[in-house]
Amino acid sequence: MGKSMKIYKFGGTSLGSAGRIRKVADIIAGAVGEGKLIVVISAIHPVTDLLLESATKACCGDSSYRTILDELDNQHLSLAAELFSGDSPGEVTAAILSDLSDLHNIVQGIFLLRELSEKSLAVVLSFGERLSARIVSYYLQRRRMASFFLDARELIVTDANYADARVNTSASELLIQKRLGLFEGVPVVTGFIAAAPDGSVTTLGRGGSDYTASLLGAALGASEICLWSDVDGIFSADPKRVRDARILPFITCSEAMELSHAGAKVLHPLAVQPAMKAGIPLLIKNSFHPEAKGTRIAFETPPEISRTHPVTALSSINNVVLLNLSGSGMVGVPGIASRLFSCLAQHRINIIFISQASSEQSITLAINPSQSAKAKKILEGIFALEIETRQIDPLLIRRNLSMIAVIGNNMSGHPGVSAQLFETLGKNGINVIAVAQGANEMNISFVVDCHDEDKALNCIHESFFLSQRKVHLFIAGTGTIAKSLIGQISAHRVNLQKDNDLDVVVCGMANTRQIALDDDGIDLEHWQATLEQRVEHQGIGGYIELIRERNLHNAIFVDCTASSTVAASYPDLLLANISVVTANKLGMAAPWPLYQSIRDAQRKSNARFLYETNVGAGLPIINTLNDLKNSGDKIICIEGVLSGTLSFIFNELRKGGRFSEIVRRAQVAGFTEPDPRDDLSGADFARKFLILGRELGFKLEYSDVACESLVPEEYRGEMPVPEFLDRLSTVDDWYADEIAKAGKEGMTIAYAGEIRDGVASIGVKRLPLASPIAGLDGSENMVVFTTERYRATPLVVRGPGAGGEVTAGGVFADILRIASYLV
């Protein structure tokens with residue numbers, strides 16, 4: 001008979017309304033025709049929580065417990081009225097009222113005595129399953145299915161630990177087989193509850209209905225045990241924490257046990273054991289979507305399931321306490337661990353996690369916070385003598401921690417899993433506090449700060465499960481460069497997803513007045529409409545605070561501003577393990593203390609810091625220089641033109657133009673700043689050469705760069721721009737004469753920079769006509785590297801060195817470089 005029998009267990013959310021109970025009845029009706037069926041029922045959600053709350057309030061003398069009980073009365077009676085409308089609900093209502101009356105009397109007794117023992121609480125909590133199972137049984141009868149209510153106290157025997165009882169398997173098996181060896185119709189059995197040897201009510205712990213179903217199936221030799229809940233199966237991680245978690249069509253029994261013990265709420269930790277011993281597969285299915293295939297739990301992987309990943313799933317417990325027992329007196333002393341674990345076991349303190357140093361000098365345990373004070377007191381008593389004589393240090397407690405477990409049968413014998421795991425955590429700046437791994441290599445558990453739990457789960461899940469990797473961008477600035485960058489990301493995002501398995505997600509944008517934030521990604525087609533006025537979290541500090549609060553993995557801060565305040569925040573970002581890409585040169589060209597602070601933070605952090613566009617917009621100047629240095633080449637000098645505006649002016653001068661007219665044309669064409677003196681001063685050019693000098697290892701300040709301004713001294717200051725442009729013609733003859741003189745010597749002039757022997761200079765220079773710089777056209781930029789390897793023929797980097805699209809392209813390239821490192 002057993003081989004054609006199935007056990008169906010329905011969780012509380014599956015029973016939360018009349019409509020849901022009707023759907024459950026449909027599922028049961030579909031299974032009845034296939035063979036024998038036993039149904040196990042949990043309490044309707046959230047009845048168990050309300051029962052606990054009412055009993056706790058009653059114990060404290062709070063008469064509002066009656067309001068909660070009235071709410072429970074109304075919930076069950078209105079449910080019955082809706083399910084049995086049109087019929088005579090007298091028998092159903094009478095049965096429900098009888099149970100509710102008993103409940104009221106018991107809780108009133110607790111209120112009068114001001115006492116709530118575990119034994120009394122077990123009785124109170126049992127009413128949830130007794131009421132729900134009775135309603136479901138009656139409703140199946142109404143649907144013309146032979147059905148009967150069965151109290152699990154008649155079937156399952158436990159010890160007298162009322163709150164979390166241990167099952168006497170052999171005694172329970174005999175009772176189950178005697179009562180359900182032969183039956184007709186559909187038994188509707190109360191989950192979660194059992195009975196001590198004296199017949200008093202005990203409970204199997206939260207989620208105990210899974211355990212009830214597994215015990216019944218194992219005792220009766222069922223062909224399958226199906227646990228129906230509100231999820232489509234077991235996920236590769238908690239989908240509430242990891243958005244990309246996926247359904248696992250199959251996991252082994254050992255993996256299921258590891259997951260349930262490590263915090264996976266979809267399955268009771270003990271539910272797998274009876275089924276596994278009896279060789280019965282478990283199936284996790286969704287009563288809201290019964291057509292979904294769910295997750296199958298069995299001994300061996302079916303041949304049709306192909307596993308390519310070493311890791312099967314992640315699980316976590318999001319609030320644990322670490323107890324650390326350490327001291328030199330523990331080294332080589334037998335029995336320390338035995339005393340530790342024995343005393344905790346005697347007091348029924350559950351140990352979630354154990355880690356011991358090979359030196360035997362410390363043992364670290366993770367336990368539930370509710371048991372931490374009790375455990376500390378017990379251990380301090382057991383080891384009082386050793387603590388007093390300083391052989392063992394005072395017990396240390398660390399709170400607000402989470403334990404994460406990485407689980408998979410395929411991890412065994414698979415090199416590199418641990419390396420990949422801890423490298424991923426390290427790149428995201430997640431500190432691992434303690435680690436434990438069993439010799440079967442099936443579970444690597446580690447403890448992190450609670451604040452890092454979601455971040456750790458997401459980056460590990462991405463590393464081991466998803467081909468689609470992600471980086472999360474937070475952009476500062478919404479000007480020309482930012483607009484061009486967003487356009488480029490939007491245009492190429494699909495291609496990156498398809499060709500590079502990379503998703504670039506813009507999660508934040510902000511300027512001084514407005515902000516937009518969305519962890520799932522801002523709509524790049526309509527990003528301007530998402531910007532809202534900044535009310536709180538003002539300034540760059542407020543924006544960074546919001547970024548840190550989100551704590552997203554693979555986060556990159558993108559600076560598209562020209563703000564010194566934003567640049568000053570780089571050290572804080574890097575120390576928070578947030579990578580930085582910047583088009584803002586006010587960081588790397590800042591006064592030396594800030595520059596040094598950025599470099600120090602970069603060395604201390606696992607985050608990356610890239611600033612290619614600081615010197616040549618989209619031209620690969622910084623990368624080229626670093627490649628030369630890192631490959632051992634010696635830089636003799638760097639020359640070049642690093643201003644598109646000044647490049648255009650001198651290129652036009654060489655063609656015979658007048659200096660003042662060329663400057664006026666450049667302003668009209670938008671090549672210059674609104675005040676052309678900002679360009680003609682050479683200040684921006686000087687900052688770029690300052691950055692290059694620092695890249696070469698020289699300790700330079702801005703004042704160390706000898707920079708010739710092209711603005712006559714008498715035209716500086718508050719002079720209006722139109723007046724300045726009118727008067728600029730006074731220098732036209734000087735430039736014409738300089739070009740003529742240079743031409744007689746087979747040379748020309750250019751506004752160029754040079755770094756040689758630690759000295760940086762910028763100004764009008766005479767150059768041979770054969771010089772690469774003399775061949776520049778339009779607003780092109782150029783850098784010429786003369787090195788030991790490139791002495792005879794210098795290495796030239798040439799191209800457009802300004803413009804929103806070009807600069808944004810350089811920023812985008814830096815983002816992708818960091819993405820390749822992070823993921």
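Me: How much space lies in the second largest pocket?

Reply: About 1100 Å³ lies there, where a volume is the space filled by probe spheres set on grid points, which are joined across faces, edges and corners. This is a predicted model, in which local features need pLDDT of at least 70 and side-chain atom pairs count only at pLDDT 80 or more, while totals for chains, interfaces and linings use all residues. Residues are numbered from 1 along each chain as its sequence is written, and side-chain values use heavy atoms, with hydrogens and water left out.

Me: What makes a space a pocket and not a cavity?

Reply: Both are found on a 1 Å grid over the protein atoms alone. A cavity is a set of points where a 1.4 Å probe fits but cannot get out, whereas a pocket is an open set with protein on both sides within 12 Å along at least five of seven lines. A residue belongs to the lining if it has an atom within 4 Å of a point.

Me: Why is α26 called largely enclosed?

Reply: Because 11 of its 13 residues are buried. Buried means under 20% relative accessible area, exposed over 50%, and partly exposed in between, with a 1.4 Å probe and protein chains only. Among the buried residues of α26 are F685, K688, F689 and R694.

Me: What makes F192 stand out, and is it buried or exposed?

Reply: F192 has a positive phi of about 75 degrees although it is not a glycine. Most residues other than glycine have a negative phi. F192 lies in the loop between β4 (186–190) and β5 (193–195). Its relative accessibility is 6%, so F192 counts as buried.

Me: Why is R114 called partly exposed?

Reply: R114 has a relative accessible area of 43%, so it counts as partly exposed. Its phi is positive too, near 55 degrees. R114 is found in the loop between α4 (90–113) and α5 (118–142).

Me: What is the omega of the peptide bond from H45 to P46?

Reply: Omega is near 0 degrees, and the bond is cis. Most peptide bonds are trans. P46 sits in the loop between β2 (37–41) and α2 (47–59).

Me: Why is the contact of E224 with R296 called a salt bridge?

Reply: A salt bridge is a side-chain nitrogen of Lys or Arg within 4 Å of a carboxyl oxygen of Asp or Glu. The closest N and O atoms of E224 and R296 are 3.2 Å apart, and the pair forms a salt bridge. E224 lies in strand β7 (residues 224–229) and R296 in strand β10 (residues 295–298), so the pair ties together parts that are 72 residues apart in sequence. E224 is buried at 12%, while R296 is partly exposed at 32%.

Me: What is the N to O distance in the salt bridge of R658 and D732?

Reply: It is 3.8 Å. R658 lies in the loop between α23 and α24 (659–668) and D732 in helix α28 (residues 732–744), so this pair ties together parts that are 74 residues apart in sequence. R658 is partly exposed at 34%, whereas D732 is buried at 5%.

Me: How many salt bridges does a search of the whole structure find?

Reply: The search finds 39.

Terms used
Helices (H or I, at least four residues) and strands (E, at least two) are DSSP runs, numbered from the N terminus.
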